Each structure stands twice: as C-alpha cells, then as structure tokens.
There are 2 protein chains.
Amino acid sequence: MTNIEENEGSTVIKQNADYHPPKSWRTWLIGRPLSTADAPHQTIGKVVGLAVFASDALSSSAYSTQEVLVVLALAGVGAFHYSIPIALAIVVLLAILTISYEQTIHAYTGGGGAYIVSRDNLGELPAQAAGAALLMDYILTVAVSISSGVAQIVSAYPDFYSYRVWIAAGFVLFIMLINLRGVKESGVTFAIPTYFFLITMSVTVIWGLFRYFTGGLGVVVNPPEIESLTALQPITFFLILKAFASGTTAVTGVEAISNGITAFKEPRSKNAGATLVWMAAILGTLLIGITFLSYQISAIPSEAETVFSQLARTIWDSRGIVYLVVISATTVILVMAANTAFADFPRLSALVGADGFLPRQLAFRGSRLVYSRGIGTLAIIAILLIIVFNASVTRLIPLYAIGVFLSFTLSQTGMAVRWWKSGKLGPDEKKVERGSTLVRDDHWLFKMVVNGAGAVTTAIVTVVFATTKFADGAWVIVVIIPLLIGAFYSIHIHYKGVAKKLSLDDFGAPPRIIRHRVIIPISGVHRGTMAALRYANTLSNDITAVFVEIDPLETQKLLEKWKIWGDGVRLVVLVSPYRLLFEPLIQYIESVTTQMQPNEIVTIVVPQFIPSKWWANALHTQTAWGLRLALMFKKGIVITDVPYQVD
Amino acid sequence: MTNIEENEGSTVIKQNADYHPPKSWRTWLIGRPLSTADAPHQTIGKVVGLAVFASDALSSSAYSTQEVLVVLALAGVGAFHYSIPIALAIVVLLAILTISYEQTIHAYTGGGGAYIVSRDNLGELPAQAAGAALLMDYILTVAVSISSGVAQIVSAYPDFYSYRVWIAAGFVLFIMLINLRGVKESGVTFAIPTYFFLITMSVTVIWGLFRYFTGGLGVVVNPPEIESLTALQPITFFLILKAFASGTTAVTGVEAISNGITAFKEPRSKNAGATLVWMAAILGTLLIGITFLSYQISAIPSEAETVFSQLARTIWDSRGIVYLVVISATTVILVMAANTAFADFPRLSALVGADGFLPRQLAFRGSRLVYSRGIGTLAIIAILLIIVFNASVTRLIPLYAIGVFLSFTLSQTGMAVRWWKSGKLGPDEKKVERGSTLVRDDHWLFKMVVNGAGAVTTAIVTVVFATTKFADGAWVIVVIIPLLIGAFYSIHIHYKGVAKKLSLDDFGAPPRIIRHRVIIPISGVHRGTMAALRYANTLSNDITAVFVEIDPLETQKLLEKWKIWGDGVRLVVLVSPYRLLFEPLIQYIESVTTQMQPNEIVTIVVPQFIPSKWWANALHTQTAWGLRLALMFKKGIVITDVPYQVD
C-alpha cells in the first residue's frame with residue numbers, strides 16, 4: 001500500500017514498511033513477531049484468568065503458615081496454637097479486601113490498580129507512592145515465590161541446598177522467557193499446573209482433615225530441629241501482631257486481578273470480579289485448612305524442611321510418590337506465582353512510563369506485543385535480590401508486604417473519595433476529572449463505607465507491619481519508597497522540562513543558515529581524506545583542513561602531498577608541544593565557534609576509516625567518536641563522519 | 001608563532017597550539033606534562049642505570065636459590081648439596097652472556113635488544129619471535145618479582161598470607177604510576193632502595209660467611225615443614241637439569257641493559273657496558289654466597305617462609321630488627337625489579353608497534369614522554385597473571401625463562417651473523433642493510449666466536465628448560481609464542497593492506513558529487529526536528545523526512561504539525577506493523593541507496609537531542625548511534641547528527 005497525498009504544500013507518502021522480520025534465534029526463543037493488529041485477540045477467560053492472576057495469591061498458602069510459626073517459635077512451641085486465630089484474622093482481612101476490590105473492578109473496567117485509582121482520585125503524589133510501592137512489591141513477589149518454590153525442592157532433595165540460589169535464578173530466567181512470548185501462550189502454559197496444584201492441595205487438605213477427624217493423623221515423624229534460642233521470649237501482643245504481619249503476605253496477591261482487567265475477555269469486569277471472588281474463597285479455605293493441620297501434626301518451622309513438606313509427608317504417611325506429586329505441584333505453582341508479577345510489573349511500569357515518571361522506553365511494546373523492557377528489568381532485579389538474600393524466604397518476608405498494604409490503603413482511600421464525589425453529583429450528571437468519567441452511583445454511600453473500611457483496615461496493617469518488622473528489614477522499604485518517589489519526580493521534571501524546551505509554541509525560527517564553514521581534521525593525506533574532502537565540497541566553499549603536528553617530519557611529508565592533492569584547500573597546522581591530539585584540535589574548533597552569529601554553523605567533517613574486520617578498529621585511533629563526545633554540548637557545531645570503507 | 005605561507009596554491013597556516021594542559025588529577029598523579037623538547041634530558045648515568053636496569057637481575061638472587069631447592073627436594077634433602085655446583089654452572093652461564101652482550105652493546109649504540117639485533121641480521125620472522133618472547137617475559141618478570149616480594153612480606157608477617165594476591169596487585173599499580181611519571185624521576189626513586197638492598201645483602205652474606213668460617217653459624221631454628229611427598233624420586237640427571245633450569249631464572253635480567261642503551265648518558269655504550277659488567281659481577285657473587293650459606297644452614301624450600309627469610313634469621317640470630325631491615329630491603333628490591341620490565345616492555349612494544357606488528361597507538365608517547373599505553377597494558381596483564389597463579393613464584397617459574405633464552409639465542413645468533421658479514425667487507429667498506437650500517441671490525445672472527453658460543457649455550461638452555469619444565473607449565477609458552485607471532489603477522493598484514501588501499505598512487509579521483517540527497521528520520525515535530533531541518537536546507541534541496549508509524553494517532557498529530565512547520569519538505573510515513581523502529585528505517589534507506597550513481601551521495605541527518613544532564617540520556621532513545629552502527633558498512637551514506645542542546 002502506497003498512498004500519496006498533498007498535505008498543505010508538502011507531499012506525504014504513506015507506505016507499509018516492507019520489512020518482515022527474519023527468523024532468528026529470537027524467533028526460536030520467544031516466537032514469531034506479532035503484528036499490532038493481533039493485539040485484541042490476546043485476552044483470556046475466567047478459567048485461564050484464575051491461573052494467570054491467582055497463582056500468586058494461592059501459592060502463598062504454601063509459605064504463609066510457616067512464616068507465622070517462625071515468629072511464634074520465638075516464644076517456644078507452646079505459642080503455636082495462636083496460629084489458628086491468626087489465620088482466621090487473615091481470612092477476615094482477605095474478605096474485606098475482596099469486597100473492596102470487587103467494587104474497584106466494576107468501577108474501573110479499563111484496569112483499576114492502585115496506581116490508576118490513586119491517580120484519578122487522590123492526585124499525582126499518592127499515585128506515584130502507590131506506583132513505587134507496587135513496582136517494588138512485584139519484584140519481591142518474584143523473589144519470595146521463587147525462593148519458596150526452591151525451598152520445597154530442597155525439602156524433598158536436601159542435596160540441592162547449596163545450589164538453591166542458582167536454581168532460583170534459573171527459574172526467574174525461565175519465566176522471563178515465557179513472558180517475552182506473550183500473555184496468551186503463557187496463560188495456557190500456566191493453566192494446567194495451577195489447576196493441578198489446586199487439585200493436589202485440596203485432596204491433601206481434605207484427606208488430612210478426614211484422617212484427623214477419624215483420629216488417624218499422627219504427628220510429624222523426625223521433625224527438623226527447632227533453631228536453638230538462647231532464651232525464649234514471653235508471648236506478647238507485639239509478638240502476636242508480628243506473627244500476624246508475617247501471615248498477611250498471604251493476601252498480597254489480591255491486587256493482581258484488578259490491575260490486569262484488560263487482559264480478560266468481555267465482559268471484563270464481570271469475568272475479573274468472578275475470578276477474584278473464586279480466588280479469595282479458595283485461598284481462605286486452604287489457609288485455614290493448612291494452618292489447622294500444621295498445628296495438629298506439630299510441624300516445626302525450619303530452613304531445612306518447609307512446614308508444608310512436613311504436612312504433606314505426615315498426611316500421606318511417607319516421602320512416597322504422592323508426597324512427591326504434592327511437593328512438585330507446590331513447587332511449580334510457586335515458581336509460576338512469579339508469573340503474576342511478570343504480568344503486572346511491565347504493565348504498571350509502562351503506565352508510569354507513559355505518564356513520564358519512568359523512562360518512556362518502558363511503554364514501548366516489543367515484537368511479541370509485550371512490554372519486553374519491563375519484563376527484562378523485573379527479571380534482573382529479582383535475580384539480584386535472590387542472590388543478596390541467599391534465596392531465604394524468611395529473610396525476604398520483612399521487606400515484602402509493606403508496599404502492598406500501602407498501595408491497598410491508597411487504592412481504597414481513592415475509591416472512598418470517588419464514591420463521595422459521585423454522591424455529590426446530580427442523577428444524570430457526569431464529571432470528567434483527570435481523564436476518568438465519574439457518574440452518580442445510587443449506592444454510593446454503602447460503597448464508600450465498604451471501601452473506607454478497607455482503607456482503614458489496610459492502613460492499620462501497614463502500620464503494624466512496618467512497626468513489628470522494622471528492625472528485621474522493613475526499614476529498608478521505609479527508606480527506599482521515598483527515594484523511589486524522588487527518582488520518579490526527577491524523571492518527570494526532566495521530561496516536562498524537555499517537552500517545554502522542545503515545544504514549537506512561541507518558537508521564533510532562527511534565521512536560515514547563511515554561512516556554513518567546514519573543518520576537516522586530517523591525520524595524513526590518503527583516500528579517506530580525499531573522500532572527506534570530496535564530501536566537504538558539497539557542503540560549503542569555506543573549508544579548512546587541520547593537522548596536529550607532533551613530529552615536524554610528518555608535517556613535511558604532509559605538505560608535499562597537500563601540494564598535489566589539497567585542491568587549494570586552506571590547511572592549518574597546529575604544533576602540539578605536549579604531543580596531544582584532541583585537546584589542541586578542540587581548542588581550535590572552539591576558537592572558531594566562539595564568535596559565530598546565529599546564522600552561521602560549523603560542520604566538522606571527520607574522515608572515518610572503516611576496516612573490513614571489526615577487530616581492526618582497535619588498531620586505529622577513533623577520532624570521530626572522541627570529537628563527538630568532546631563537542632556534544634557545544635552549540636552550532638555539527639559533526640559528520642565520512643566513512644571510507646576498505647574491502 | 002603563526003606562520004602563513006603559500007604552498008602551491010593552498011594557504012598553509014602553521015601555529016603553535018595555544019593549548020596548555022590544565023592541572024588536574026592526572027597532574028597530581030603523574031606530574032605536569034612534558035614538552036617534546038624536553039626529551040633528550042631524560043637520560044641517566046651509570047649509578048642510576050644500575051638501579052633502574054639491574055634491579056631485575058640482582059633481585060632474582062632472592063628467589064633463584066629457593067627454586068633450585070624446590071626441585072631438588074623431590075629427591076629429598078640429601079640432594080640439596082647439588083645446589084652448589086648448579087649455582088656455579090649458572091654463574092658460568094652468566095659470564096658467557098655478559099661477554100656476549102657486552103659486544104652487542106658496543107655494536108648497537110642505539111639500543112641492541114634481541115628484537116633489533118634479530119631484525120637487522122636475521123630478518124622479520126626471527127625478529128617477531130624475539131619480540132613475542134621478550135614481551136611475554138617482561139610481563140612474567142613483573143608477575144614473578146612482585147609475587148616473590150610479597151612472599152618475603154608473608155615470611156615476616158604470616159597474617160598477610162591470605163591477602164597476598166591483592167597486595168601484589170597493589171604493588172603493580174604503584175609501579176605503573178611511577179613509570180607513568182617518566183624514566184628520570186623513576187631512576188632517582190629507584191636508586192636509593194637498590195643500593196640499600198645491595199648493602200644489606202652484602203653485609204648479610206659477608207657476616208654469614210664470617211660466622212660460618214669461624215664456626216659460629218648453626219642451622220635454621222624451627223624450619224618450615226618440608227612438603228610431604230608420597231615417594232621420593234631418585235636423583236637423576238634430568239632432575240639436576242630441571243633444578244638448573246629453575247636457577248637460570250637468575251640470569252634473565254641480562255638483556256635489560258642492552259635494550260635500554262638509549263636511556264644512558266653519553267658515551268652510551270661505554271656507560272651501559274660498564275653497568276652490565278658490574279651487574280654481572282655482583283649478581284654472580286651474591287648467587288654463590290646465598291646458595292652456599294643456604295645449604296650450610298639446611299634451609300627448607302616452602303611456600304610459607306622463603307629460603308632467604310630462613311637464611312636472614314639464621315645469620316642474624318632472630319627475627320629482630322636487622323632481620324626485618326634485610327627482609328624489607330629484599331621486598332622493596334623485588335617489587336622494584338618489576339620496574340625493569342616497566343622500562344623495557346613499553347619501549348619494545350613501541351618498536352614493534354612502529355614496525356606495524358602491534359597496534360600503532362603503542363608507539364605514541366604520552367604527556368610525560370613515556371609510552372603510557374604500553375605501561376598500562378603491562379600492568380593489566382601482569383595483574384591478571386598474578387590473580388590466575390595466586391601470586392605463587394613456584395607456579396609462575398616454569399613459564400618464565402624460555403622466552404628469555406629464546407630471545408638470547410636469536411640475539412646472539414644475529415650478532416654472530418653480523419660479525420661474519422662484517423668480516424666479508426673490505427677495510428673501509430660500509431654496507432647498509434635493513435637500516436643498520438655495517439663496518440668491518442678487525443676482530444670480527446674472535447667476536448663471532450664469542451657470540452656464537454653464547455648462541456649455542458643459550459640454545460641448549462632453552463631446550464633444557466622447555467623439556468624439563470614442559471609438564472609443569474612450559475607447554476603454555478610453547479603454545480603461546482607461535483600464536484603471538486601469528487597475531488603480530490595478522491596485524492601487520494592488516495596495516496599493509498590498509499596502507500595500500502588508502503594509498504593515493506594510481507588514485508583516479510571519482511567524479512565530484514553532483515546529487516546530494518538528504519533523509520531526516522523524525523520521531524515528532526519539535527525544536528530538535530526544526531534544527532535538523534534548518535541544517536538539512538544548507539546541504540541540499542532534495543530532502544525527505546521519514547517517520548515510522550507505530551500508532552496511527554501519532555501520525556495524525558504529526559501531519560497536523562507538519563502542515564505548519566514542515567516547510568514543504570516531502571514526508572514519508574512508514575507503517576511498521578511489528579512496532580519496530582530501526583529495521584523499517586534502515587530498509588528504506590537501503591532501498592534509496594541501492595541504485596545510486598558514483599556521483600551521488602545520501603546524508604542521513606538525525607536530530608539528536610542532548611539533555612543537559614548525562615544520566616538523562618538513558619531516558620531517550622539513541623537513534624543516531626543505532627543508525628550509525630547499522631549503516632557503518634554501507635557505501636555512499638554519511639550520517640550526521642544535528643545536536644540540539646537543552647539548557
């Protein structure tokens with residue numbers, strides 16, 4: 001298709017780029033490039049949606065009980081019975097969040113993550129706070145889930161203990177690849193293991209409960225040793241709060257669905273909302289079941305064997321085939337839980353990038369229609385975290401949930417404010433504010449109370465978490481979030497400044513260029529020089545060749561040749577007593593340019609010699625690159641290198 | 001001084017570059033820049049010369065005995081008495097070499113290293129073999145001397161054992177800095193410690209001999225444990241040869257002076273020759289003295305404590321202050337011995353570079369009149385070697401001496417050939433061959449025999465070394481030298497090819513450029529685009545702006561703006577269904593250029609936006625750099641980026 005039209009005096013030719021990407025190693029790795037026109041088809045239904053977005057939340061049932069017990073163990077095994085009320089409290093929290101977010105999903109059909117909701121209803125700063133908190137937590141989701149998955153493997157095969165960091169890094173790279181292929185294929189890839197996990201987990205819990213109530217469930221055989229403590233702490237309210245905080249990591253996955261509504265098939269909100277409710281119900285049931293059974297079998301939290309592994313081998317009586325199936329399913333779901341973050345981090349960073357608070361390149365979709373740069377960034381940082389924290393879930397947990405709960409709070413506050421504003425509108429009134437349309441909702445007061453309650457609850461959890469875990473590592477996050485927000489604003493100020501300075505509003509075009517001078521730095525007279533000279537002749541009549549003299553003998557030779565080949569061009573020889581090449585040249589160029597008028601320009605034409613083999617570049621001085629770097633910030637100077645290819 | 005003259009039709013302006021290097025951290029680190037006119041003053045006399053060039057040779061007395069004992073220890077301590085005849089054999093070898101090289105120094109007043117002598121008298125291939133062997137051995141000299149110096153420190157302070165690699169690397173960097181300052185200052189810096197070492201070493205040996213002959217010298221108290229062997233080897237001729245080979249490392253420093261004759265004050269040859277004889281005499285004496293005493297006190301070779309440390313504390317009765325002074329002096333001289341290599345490696349690599357067998361940049365003298373790049377290269381490779389070999393002298397030794405003896409052999413053979421040719425000349429005849437002048441020498445036959453004997457001796461040592469040490473690591477060198485020679489020739493062929501292809505001999509100048517087309521890739525219409533358009537207007541009337549469409553909405557906005565600001569310039573919109581930017585653009589440019597005539601050229605004018613802060617570059621897509629890399633090898637395309645600076 002070529003399409004030529006007149007556009008007020010200038011010809012506009014529109015044509016399809018003939019470019020068809022060739023098959024390459026990238027095709028093999030991430031699939032053939034997808035055309036932009038393919039985009040709308042890449043959506044998913046409820047069944048696949050549960051697999052893609054809920055694996056994070058569901059899988060956390062595999063470590064949340066253990067992290068509660070780790071804290072309670074500080075007061076001795078006698079405190080373990082507190083794990084059951086704590087689990088119930090977490091389920092209540094989950095219920096509040098689910099109701100709250102169900103409302104968000106229906107109000108924000110285009111995707112209602114904390115970032116968008118905060119931006120629309122609370123303003124820029126809360127939005128960036130939510131953005132920073134969420135981005136960080138997506139990274140931590142990857143690190144925690146993968147580390148926990150590897151901990152399951154290590155429970156079953158203790159020989160792998162010393163390789164756990166590298167196994168974890170390998171998993172992150174694997175998920176990265178799957179995500180670079182695109183969301184639809186990854187949805188299918190993830191549906192089977194998610195449902196496999198759901199089935200094995202449910203069967204295990206049901207069988208465990210059946211055995212418990214029929215009296216056939218014993219306690220763990222050969223439990224791992226409890227980490228020896230010098231002195232047991234008394235059981236305090238603070239300790240119970242701290243254990244509760246650890247357990248809240250189970251609900252961190254709730255946000256995922258509301259952030260990813262656009263990935264669902266139409267009707268989006270209905271599908272997404274139903275998926276959310278299903279997810280919460282399953283998660284709550286599993287959490288209570290696992291915590292109850294773990295307490296009954298007297299499981300001991302340990303780095304060597306996960307609580308869940310102890311539970312599985314007690315319910316199934318041995319480390320037999322069923323045990324291995326259950327552990328495998330759990331490992332796989334945990335590894336795949338990281339996929340939720342891989343679905344959301346790139347989407348959110350693209351949003352923040354498009355708003356100009358992160359590099360804009362993050363909003364650029366790659367050849368497979370996914371935000372490839374966000375995916376890559378997430379993988380790299382998550383791997384670094386895993387290495388730094390030695391793939392230990394217990395060491396990562398204190399950093400984990402603050403960000404999530406902070407963004408929950410902001411998001412729910414934003415929703416409450418939104419209902420409040422909607423209540424102020426007339427029956428058929430519409431109000432467009434910060435790009436989102438607000439209509440009156442008849443149940444605004446009820447909905448405001450629901451979201452308000454959600455906001456208060458999550459705000460309390462945020463404070464509890466930050467306080468009880470502060471010394472264990474939460475302080476890092478308390479420091480990093482403001483720093484991140486600061487960085488976001490620096491980037492934003494930069495983009496705004498640039499946009500203003502590049503804007504053509506009140507642009508008084510400078511006069512046309514009348515005087516065009518050309519300077520050619522030469523190192524000798526050869527075919528490369530001649531090519532540059534030939535090119536310079538098309539630019540201007542005012543040409544000066546410049547030679548830096550280090551050895552007077554060289555100058556003599558040069559002058560001889562210049563007589564023959566110089567074509568009458570003026571030659572300046574700069575004597576350099578300190579044998580420096582660049583500095584005298586740059587100083588000369590600067591002395592020429594200092595007194596220029598706005599209608600003058602200087603072009604530096606650099607003969608650049610291109611060897612036929614890349615390694616040969618090391619054998620030649622790269623004058624053009626050096627000059628470019630040195631003169632980049634000077635106005636009125638254009639540097640052109642005229643390549644001379646040798647083949 | 002500005003000097004304007006007519007040079008057959010073109011004006012030539014010669015002027016002193018006004019550039020005076022500013023004071024900076026480099027000034028503080030390596031001193032103020034030196035003008036080329038300062039060069040001849042940077043020479044040294046005999047006293048300083050001995051310090052600069054002999055420290056390598058003299059310091060090897062500190063480890064050579066130990067390396068002989070390490071080999072003999074394979075046959076048990078009963079074999080240690082062989083160390084004395086071996087030391088005598090080494091001194092005989094030293095004498096032969098000294099006489100041989102004394103002749104070279106007088107025949108080659110301009111510097112007679114193995115490279116030059118081989119090049120003049122044997123041809124290109126032997127010269128490159130000598131060059132490769134010597135360059136490699138200078139690097140090993142640095143690694144071995146520094147490692148041995150650190151071994152002395154570790155003997156005195158065993159706590160430093162685990163830091164030895166980093167201490168060694170620090171020393172290399174320190175010597176690098178001193179050498180970047182220039183030879184004269186480093187001469188003074190090195191004279192004091194060299195003479196301090198000579199005095200302490202001589203006093204120690206004399207006091208030891210005195211105590212021995214008066215019967216007061218005992219054996220080592222608490223010697224280190226001998227490394228336990230599963231089975232002792234019988235004492236064979238091969239083992240003795242191997243021990244001898246280890247000891248020959250003591251004579252490797254002989255070449256240094258003949259290579260560095262130009263650094264001496266006039267009369268150069270006389271001064272250099274005298275320095276050589278003194279050096280050999282001192283070295284021989286020390287070697288025999290140390291070996292004899294080490295045997296008498298029953299010193300045990302060990303990685304934990306050097307033989308020399310055992311000797312010093314036995315002679316001085318304890319690890320007291322005198323012991324520490326002796327060990328310090330030895331450490332310092334060993335560290336400084338590396339300086340010999342730092343004086344010679346850059347000089348030789350500059351020679352080889354000027355001949356076009358190494359990158360020519362190595363022949364470029366830095367602001368302090370030294371070959372800075374050679375100095376840097378040497379430091380980096382030596383540090384890598386130290387890291388790889390864990391700063392162990394015993395592990396480095398098998399790689400060390402082959403190269404030296406190979407170059408000795410080539411050099412002495414070259415001298416013998418030279419005398420033979422000189423003998424064929426008439427009484428006052430002169431012959432210029434490969435740049436060196438040959439005159440008849442009346443004693444040519446005697447001199448030929450002397451150098452011939454040197455060649456045969458060193459050839460035998462080369463073979464002995466390569467054979468006995470082959471399995472211990474010498475094979476590496478046997479592999480690397482041919483590879484290096486191959487690399488040298490690849491570089492040479494490249495330079496020759498380029499020179500031929502750039503040559504203006506039979507250069508039929510192509511027709512003047514008649515058609516000049518300009519393509520401007522744009523990402524939007526803003527001040528940067530306008531700057532590029534304004535510049536493009538000075539180049540040609542045939543201008544095409546190209547926009548790659550990823551989002552049709554963007555195109556609409558662009559077209560609106562283009563109506564106002566496009567200045568009637570033709571606009572091509574390339575629709576990119578796969579959201580790729582570069583590929584369609586490059587394909588378009590290629591389609592334009594494929595049918596060009598020799599009198600046509602295309603300039604790609606890229607608007608390049610220069611943010612005021614360097615980090616902000618990460619926030620903008622760097623189109624110009626990408627295009628440049630992609631189109632570098634295409635003919636008839638010039639890429640110009642027009643910078644637009646925001647401040």
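Modeller: A search of the whole structure finds 22 salt bridges over all chains. This is a predicted model, in which local features need pLDDT of at least 70, side-chain atom pairs count only at pLDDT 80 or more, and totals for chains, interfaces and linings use all residues. Residues are numbered from 1 along each chain as its sequence is written, chains are lettered from A and ligands numbered from 1 in the order in which they are written, and side-chain values use heavy atoms, with hydrogens and water left out.

Biologist: Why is the pair A:D355 and A:R119 called a salt bridge?

Modeller: The rule asks for a side-chain nitrogen of Lys or Arg within 4 Å of a carboxyl oxygen of Asp or Glu. In A:D355 and A:R119 the closest N and O atoms are 2.5 Å apart, so the pair meets the rule.

Biologist: What makes this a link between distant parts of the chain?

Modeller: A:D355 and A:R119 are 236 residues apart. A:D355 is in the loop between helix 13 (321-354) and helix 14 (372-388) of chain A, and A:R119 is in helix 5 (residues 114-121) of chain A. Helices (H or I, at least four residues) and strands (E, at least two) are DSSP runs, numbered from the N terminus.

Biologist: How many salt bridges cross the interface of chain B and chain A?

Modeller: Zero, by that rule. The two chains bury about 9,900 Å² between them, 61% of it on carbon and sulfur atoms. Buried area is the accessible area (1.4 Å probe) that two parts lose on being put together, summed over both. On the side of chain B that touches chain A, the largest share, nine residues, comes from strand 9 (residues 637-645) of chain B.

Biologist: How do you know that the two copies are related as by a two-fold rotation axis?

Modeller: A rotation of 179° with 0.1 Å of shift along its axis superposes chain B on chain A, with RMSD 0.4 Å. The two copies are thus related as by a two-fold rotation axis. The superposition is by least squares on the C-alpha atoms of residues with pLDDT of at least 70 in both. Of the residues of chain B, B:T640 comes closest to the axis, at 2.4 Å (C-alpha).
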